[in-house]
Amino acid sequence: MTDMRPIEEVDSEVAGLIRGDLTRQNTHIHLIASENFASPAVMEACGSIFTNKYAEGYPGRRYYEGCEWVDRLEQLAIDRAKALFDGEYVNVQPHSGAQANMGVYFAFLEPGDKVLGLSLAEGGHLTHGSPVNFSGRFYRFIPYGVDRASERIDMNEVRSKALEHRPKIVLAGYSAYSRHLDYQAFRSIADEIGALFMVDAAHFIGLVAGKASPNPVPLADIVTATTHKALRGPRGGMIIAKEGYGKELNKGVFPDMQGGPIISQIAGKAVCYQEASTAGFRSYAAQIVANASAMAAAFTERGVRVVSGGTDNHLLLLDMRSIDPDLTGKEAATLLDSMGITLNRNGIPYDPRPPYITSGLRIGTSGITTCGMKEAQAVQVADLITRSLRHRADDETLKRLSGEISDLAQAFPPYPPDFPGHA
């Protein structure tokens, strides 16, 4: 018989860990660009009885019986995503953005095939050809980069390498790049060589949903994304594409890449698509961008170099060498986390330091915007970061700044203090 006791009685150890991270989330300022805070409704859906159902296959074509409600749920999520992003085909089954990319690669590439993508060292993602990732092990990725002076993608280089190498996929997308992508230029280059044009929109798909960033779907053949970043949904991935690619993509996801979908996560995705379709979400997305812009300007005013001179989206990269030539991204991120500001070290273009150390920090504003912060608080956060790093050897000053950070974080918590931390 199912044990119906609450988690506090069934497993007090795990319950304690949940409470511990709730406290951390409610007492830190969160600036990791790939994180956000899901709504209670999303978490309730993810913790629902759909957890119990196995459903290999697709709506109307399952390998298990008892899928009548699952079929309706998955189709609802698909229909909502199509409407939200103006998509012809949507697959909501990938467990993550990495697996969404894998599904695309499995659908259209053979081992050793070429893909043109943004260099990891200049803002690309692990699944864009890292030698330690399946993408770099199975396929031949040709990297393009950013111009040294502007630190923006050099479209002339993209076209030159496309013509030289003739990849099967031209890939646009990033995990650490703060400017809009020129979808029309990428489209033209892909058409010139007869390649598929793919966009990895994992980081900014929420801004697209909120009409705060250009939509790549009309121009791209295939768009992959996550649902847990700026979109503010559950952890998971999705694929949007032209209808003609649907059969191959369905097979690339199942059975090529993964087995049964996590139906409870698809329930959460359906809820987040509904939330993202509202006027309130559009205001929220605009505020994310406004906060990032205000923060970039505040850092610049304080003498901290912002890579590419600013941002068009939710993230920005800082060059720690503008504070102190000896300051590394690792040292800066570790110090700030100990003080209550959570972000991550990140390489910057042409970084002389190795990836584990780096010369930069990556900052995202989705999380603080979810918590209700606006431009004034974004400027305050930039000031707190700058002062903390400049006075990192002064324990008394750091103690005082830690107090200011704590006060600001607790004035804008993501969840009520009595929130259970689970559905």
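Which residues of H15 are buried? They are Gln377, Ala378, Val381, Ala382, Leu384, Ile385, Thr386, Ser388 and Leu389. Before you read on, please keep in mind that this is a predicted model.

**Helix H15 and its surroundings**

- H15 covers residues 375-390, which makes 16 residues in the helix.
- From its first C-alpha to its last, H15 reaches 23 Å, close to the 22 Å expected at 1.5 Å a residue.
- An α-helix has 3.6 residues a turn, so residues three or four places apart point the same way.
- Among the buried residues of H15 you will find Ala378, Val381, Ala382 and Ile385.
- On the helical side, the buried residues of H15 pack against H12 (279-301), H13 (329-339) and H16 (395-411).
- Strands also take part: the buried residues of H15 pack against E1 (29-30), E13 (341-342) and E15 (360-364).

**Helices H5 and H10**

- Helix H5 (residues 97-108) packs with helix H10 (residues 246-253) at an angle of about 120°, and their axes are 7 Å apart.
- Because of that angle, H5 is oblique to H10.
- The two helices, H5 and H10, cross in a right-handed way.
- On the H5 side, the contact involves Gly103, Val104, Phe106, Ala107 and Phe108, which meet Glu248, Leu249, Gly252 and Val253 in H10.
- Sorted by type, the residues of this contact between H5 and H10 are 6 nonpolar, 2 polar and 1 charged.

**Helices H7 and H8**

- Helix H7 (residues 155-165) and helix H8 (residues 183-193) have axes 10 Å apart and pack at an angle of about 15°.
- That angle is under 35 degrees, so H7 is roughly parallel to H8.
- The crossing of H7 and H8 is right-handed.
- H7 brings Met155, Val158, Arg159, Ala162 and Leu163 to the contact, while H8 brings Ala185, Phe186, Ile189, Glu192 and Ile193.
- The residues of the contact of H7 with H8 comprise 8 nonpolar, no polar and 2 charged.

**Glu74 in helix H4**

- Glu74 sits in helix H4, which spans residues 68-85.
- Is Glu74 buried or exposed? Glu74 is buried, because its relative accessible area is 1%, and the cut-off for buried is under 20%.
- Leaving aside residues up to four places away in sequence, Glu74 touches Tyr58, Pro59, Arg62, Val92, Gln93, Ile263 and Ile266.

Conventions: Residues are numbered from 1 along each chain as its sequence is written. This is a predicted model: local features need pLDDT of at least 70, side-chain atom pairs count only at pLDDT 80 or more; totals for chains, interfaces and linings use all residues. Side-chain values use heavy atoms; hydrogens and water are left out. Helices (H or I, at least four residues) and strands (E, at least two) are DSSP runs, numbered from the N terminus. The expected span of a helix is 1.5 Å times one less than its number of residues. Buried means under 20% relative accessible area, exposed over 50%, partly exposed in between (1.4 Å probe, protein chains only). Contact means heavy atoms within 4.5 Å. Axes are lines fitted to C-alpha atoms, for helices over the stretch in contact, and angles run from 0 to 180 degrees between N-to-C directions. Angles under 35 degrees count as roughly parallel, over 145 as roughly antiparallel, 65 to 115 as roughly perpendicular and the rest as oblique. A crossing is left-handed if the near helix is turned anticlockwise from the far one by less than a right angle, and right-handed if clockwise. Ala, Val, Leu, Ile, Met, Phe, Trp, Tyr, Cys and Pro count as nonpolar, Asp, Glu, Lys and Arg as charged, and the others, Gly among them, as polar.
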